[in-house]
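This briefing covers helix packing, a pocket and a cavity. Please look over the model first.

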Amino acid sequence: MTTRTLGFGRSADGVATLGGRPLRDLLLEAGVPTPAYFYDLSGIRQRIERLEQAFGAAPHVSAYAIKANSAGSIVRTLLSAGAGIDAVSGGELELGLRLGAAPRKIVLSGVAKLDREIDRALSADILAIQAESPLELLRIEARARALGQVARVALRVNPSVSIDSHAHVATGHDKAKFGILARDLGSAFETLQRSQSLKLVGISTHVGSMLKGTDPYLESARVVCDVAQAALGRGHALEYVDFGGGYGIDYGPGELPEPATYVSASLRFLAERGLEKLMLVIEPGRSLVGPFGVLLARVVQEKHSGSGGDDERRWLMIDAGMNDLLRPALYQAVHRIEPLQALPGGRPHRVVGPVCESTDDFGEFSFDAAPELVVIRDAGAYGFTMASEYNGRALPAEVFVDDGKVVHVSPSPGVESWITRRLEA
Ligand SMILES: Cc1ncc(COP(=O)(O)O)c(C=O)c1O
């Protein structure tokens, strides 16, 4: 059996690979135009299997945050290794159910759940609807009463913990719209105490994304455990605590802990708190899929201005834009961009897309000469799921690779599809 490099790699002669196969060959085999996302399912499978193993015999659910990448081939890979789903909308909930997720491994988060989304969660009998405010809890109660059901609910607490991450991905500080602050928990517990239509089964949190280590995670886990102990003390038959997701990945600056590290630390922490009988739910998204996807783009042209002095400018214009990969424009995120057929290096260029926005700029990267194709690395999470047709651009294709072979191609709907829909609007 050959061991393939999982995810992105380089062959001995410097050619970019995915799952051990030259990306250029995969592009030809898939027969899709650029820009196109490529994902290595083998890498994703290994990641989730390691994560599942880290739990040992502990009761748990790895509720994959499906917002990170909702492609069926990817979600099925995760589900078959035992994962569940963290959904944040009725659409994601429905997709998870239709992909075959076990209902009791699904949690529904989200700050403004619609009545029809609550109803669907109730009819599917999922693990829990995670309430994000005392008023939402009342709305869930009203829907459960109307349908003659008892709603399984969790309280998503806002732990008032700040993290060292971009402000737009921090969710656990006390000014964020997410979760219930400590000062508002009393009213949530009052509702739970008197209601015949609500059953409190979990306490959850999500402190934010791109964590660089376990410290803030455990700090917010401490708040979850405090609230869980208070709930048990009030006689609630709690089934789980949910410490959320947010495990960072290495976009270039250096190694970060693997998801399994967070699990081991969480299990130790639960045991210290005497809560090891509770099920541990986690909500990883990016860390399961991000490193195993790339976006391939074609260089449209170079642009130069000035010659040699301080005012010299060099751009590399590619056919992928912020509509295909929004993270750089949205969070000033940096994804390494490298030539496909050669090692990175050479003169600095600003790599920009074709979209008519100044933020359609992927950052500065070095190239010897303009390559024909470039690879944008670590694009498996929050890439396609955030893509749009802005500027009349078609959504990109997606190509799924398993064991070095193209196993599925999801073609771009094409620009004709956009034109037709706009004509009909
Ligand atoms: C409630 C919730 N859980 C989990 C996640 C997943 O975070 P990550 O992809 O950083 O692991 C998110 C991401 O925004 C989230 O909002």
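In which crossing, left-handed or right-handed, does helix 8 pass helix 9? Helix 8 passes helix 9 in a right-handed crossing. A crossing is right-handed if the near helix is turned clockwise from the far one by less than a right angle, and left-handed if anticlockwise. The model is predicted: local features need pLDDT of at least 70, side-chain atom pairs count only at pLDDT 80 or more, and totals for chains, interfaces and linings use all residues. Residues are numbered from 1 along each chain as its sequence is written, and side-chain values use heavy atoms, with hydrogens and water left out.

**Helix 8 and helix 9**

- Helix 8 (residues 215–233) packs on helix 9 (residues 259–272) at about 35 degrees, and their axes are 11 Å apart.
- Helices are DSSP runs (H or I, at least four residues) and strands are too (E, at least two), numbered from the N terminus.
- Axes are lines fitted to C-alpha atoms, for helices over the stretch in contact; angles run from 0 to 180 degrees between N-to-C directions.
- On helix 8, Tyr 217, Leu 218, Ala 221, Arg 222 and Cys 225 make the contact; on helix 9, Tyr 262, Ala 265, Ser 266, Phe 269 and Leu 270 do.
- Contact means heavy atoms within 4.5 Å.
- This contact divides into 8 nonpolar, 1 polar and 1 charged residues.
- Nonpolar covers Ala, Val, Leu, Ile, Met, Phe, Trp, Tyr, Cys and Pro; charged covers Asp, Glu, Lys and Arg; the others, Gly among them, are polar.

**Helix 2 and helix 3**

- The axes of helix 2 (residues 41–54) and helix 3 (residues 72–80) come within 9 Å and cross at roughly 30 degrees.
- The two helices are therefore roughly parallel to each other (angles under 35 degrees).
- Helix 2 brings Leu 41, Ile 44, Arg 45 and Ile 48 to meet Ser 73, Ile 74, Thr 77 and Leu 78 of helix 3.
- By class, 5 residues of this contact are nonpolar, 2 polar and 1 charged.

**Second largest pocket**

- Its volume is about 510 Å³.
- Of its 21 lining residues, Arg 47, Asp 250, Glu 255, Pro 291 and Phe 292 are the closest to the centre.
- Helix 2 gives the most to this lining, with 3 residues.
- The lining has 8 nonpolar, 5 polar and 8 charged residues.
- A pocket is an open set of points on a 1 Å grid over the protein atoms alone, with protein on both sides within 12 Å along at least five of seven lines; lining residues have an atom within 4 Å of a point.
- Grid points are joined across faces, edges and corners, and a volume is the space filled by probe spheres set on the points.

**Largest cavity**

- The largest cavity has a volume of about 60 Å³.
- A cavity is a set of grid points where a 1.4 Å probe fits but cannot get out.
- Helix 5 (115–124), strand 8 (128–131) and strand 9 (151–156) each supply at least two lining residues.

Technical notes. Parallel < 35°, antiparallel > 145°, perpendicular 65-115°, else oblique.
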